[in-house]
Amino acid sequence: MPTAPAPSALAAIVPALPADRLTLADFSGLATTVAGYPYVKLVLDQETSTVHLIDGAERMLHVQYVAERILGMTRAELARNLDAFNDSVYRVGDRRFLLGTLALHDRPEHGGLFFSLETVEVDTMGPDLLGTFYRTVRALIDDAVPVLLKPANHLQEGFLQDTTTPLILAHELYSTAPYVPLNPGTTTGRLRVFTDEGAYRTTIDPVRWHDILVMERMPDDIPRVSGLINAKHTTTLSHTNVLAAGWGIPNAIQQGALQSLADLDGTWVELTVDQSAPELAVRAITRPDSVDAGPPWAVTQVDIGKPDLAAAQILPLDELRSTDAHRFGTKAANLGELIAVLRDGSPYWLGFYEKPRPPRPHLLEYLARQLDTTGTDTAVLDQTAKRMVSEHVVVPRGIALPFALQQQFLESSPAIQQTIGKLKMALALGGEIDGLCAELGALIRDTPLPAELRTLIEDSVLRHLTGAGRVVVRSSSNAEDLIGFSAAGIYESVPEAESIEDVIHAIQRVWASLVTTRGVLLRDEAGIGLSDCFMGVVIQQQLDGALGGVMVTTNPLDRTDFRSVLLNLARNSVDDVVSGARDPLQHLYNTMEGGSRTVAMGAEPADVDDQAKATLGRLALIGRLLQAHFAGTDGSVDAPVDVEWLVDGDRIVLLQCRPYQLAA
């Protein structure tokens, strides 16, 4: 194994550092901050045995520094040869330059103050080079401060399994991070600190729209508020955090917030969630006069479209397309569209990789590498993608009930119609609606279906789902997956239905979930009236998988990262992920250069094996194709999608695909 270059020297684009040793003061003078911790980019030039530290104020990429400051290239020369240059510093085994970052952490659970050293995320640096890099940098840092090598991806973790080099893994840092900015922004509101969920449920001072909630972890049924502070770690893809992203409200993890913010409970504050700050910024203010005008989002009406209640035909999912959302709801329509794409391919699905990414004219060469082929011929790439998808991906068979059937049922019952009228009046007059919502939900669940409607449903289930065993019954409303109104987790899905009686009861439960107090109030705040809302239903064969979870084709913790896709996964369960009931594993997959890393272990005792990681990498790539397809021709190929999935071996089961709503 090679030894560290010696003697080494420190070089920087600032005045020379003293005595060829990096002190904490030197580091602070060069560092910039991300996600609450300071870091410095560095370059080891093996040819000259020199370590270069890049001043954070310069905001230079590693490759720019190497090309311009060391090799004397112009920026235009670098741009013309960028991909080849990247390969020379990130992929070639016998390379001159080793690139990485040095970050400073203060974690009592890890012994206090220490540095972490890691390469760039896509680097394929092997064990010998990693050892050389670590020993060289370790020799240049004040001996009083430990230095831990942090593998940048799953490949490096494999290389370093048997090393004696002190390590720290990405998920170990993330899971103990005192501050994680989930959704940046600034807001004002009344701070409400609840020591546990019981205190939240039993408070005599109801939570209002202008409140900023502080809890260990937010329950799944919170109303729309002005900000969220989680005092314990949670996944960015739980229903509450997806809603916060769609609402555009500041949302963060701040460990110890229950204690540190207790004295501000009930006071008006300004809250700032900043990705570059070391912690939340919370300061007391006087009550703003603007509160009296009501919630600012109430002035923006959500476009719900005009539903079609004429067609009462139940259809198999493979006969639906996205244009059928006005009859069956977005979820059902998107499932039909998804089946068509997986079967026939798409003229749009290469769009993410075809888009110009200056200085690159496109990313097709990167797609070819991901597909294990060569060249940029789009016809070849299209066929290769189609073959991959057809070999590995399925969507469970199922049927969709249109809005018209729900409407027929509601109109068949005078008691239901009378209660709907009372609820509309209470909403118009600002009256109490809890009891009316509960009464209406019970009527919808318990009123027998008209005989002809029940027969229609039974015949369709028998015709299309015989032999399916268990089925899952899902909501598909026209009041979800909308711009400005995601409705994640608001409506009900019912798994494990085995008999026709189970299916009928589940359908009525899904219909009833449209009129919960929470759903009614959230829609009313968004300007969506009760008369405008309808519920379609999806009934699908329930399949199993060794892994299940949610994928969003973006990195929610870094909106500038167009390369990465975030997967939350749990063994055997999608519901545990989306409900937030169990902390999931969290993986990031780079769909440009390749590579992956685990950023959180959650409640799982061990990570998944290499075969699963390879399958999940394929799922991430498929997510990019679907993202571009659902964008179509409108040019928004970077607009992310939210996909629920199962994985069993190399089989990928797609359960749902919808827009991942991010507030502007």
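Guide: Two strands are taken as paired if DSSP finds at least two bridges between them. By that criterion β18 (residues 471–477) and β19 of this predicted model do pair, in the antiparallel sense and over two bridges. Within this pairing, Val471 has Ala497 of β19 as its bridge partner.

The sheet to which these strands belong is open and has five strands, ordered β15-β17-β20-β18-β19, with antiparallel pairing. At its edges stand β15 (315–316) and β19 (494–497), and each has a single partner strand, so one side of each is left without a neighbour in the sheet.

Helix α12 (residues 330–344) touches β17 (398–401), β18 and β20 (535–541), and its direction makes about 115° with that of β18. Helix α16 (residues 403–411) likewise touches β17, β18 and β20, while its direction makes about 120° with that of β20.

From α12 one can go on to a helix-to-helix contact. Two packed helices are described by the angle between their axes and the distance between the axes. For α12 and helix α23 (residues 610–631), the angle is about 115° and the axes are 12 Å apart, and the crossing in which α12 passes α23 is right-handed. On the α12 side the contact is made by Asn334, Glu337, Leu338 and Val341, and on the α23 side by Leu626, His629 and Phe630. Sorted by class, the residues of this contact are four nonpolar, two polar and one charged.

A further sheet is also open, with seven strands in the order β16-β26-β25-β21-β22-β23-β24, and its pairing is mixed. Its edge strands, β16 (393–394) and β24 (596–600), each pair on one side only. Inside the order, strand β22 (residues 564–571) and strand β23 (residues 585–590) run antiparallel and are joined by six bridges, with Ser564 standing opposite Asn590 of β23.

By class, the lining of the largest cavity has four nonpolar residues, four polar residues and one charged residue.

Two details of the backbone remain. Most residues other than glycine have a negative phi, and most peptide bonds are trans. Against that background, the peptide bond from Pro358 to Pro359 is cis, with omega near 10°, and Pro359 is found in the loop between α13 (351–354) and α14 (364–370). Arg59, a residue other than glycine, has a positive phi, near 55°, and lies in the loop between β4 (50–54) and α2 (62–70).

Conventions:
Residues numbered from 1 in each chain as written. Predicted model: local features only at pLDDT ≥ 70, side-chain atom pairs only at ≥ 80, totals over all residues. Heavy atoms only, no water. Nonpolar A, V, L, I, M, F, W, Y, C, P; charged D, E, K, R; others polar. Helix = DSSP H or I, 4+ residues; strand = E, 2+ residues; numbered from the N terminus. Contact = heavy atoms within 4.5 Å. Axes fitted to C-alpha atoms, helices over the stretch in contact; angles between N-to-C directions. Left-handed = near helix turned anticlockwise from the far one by under 90°.
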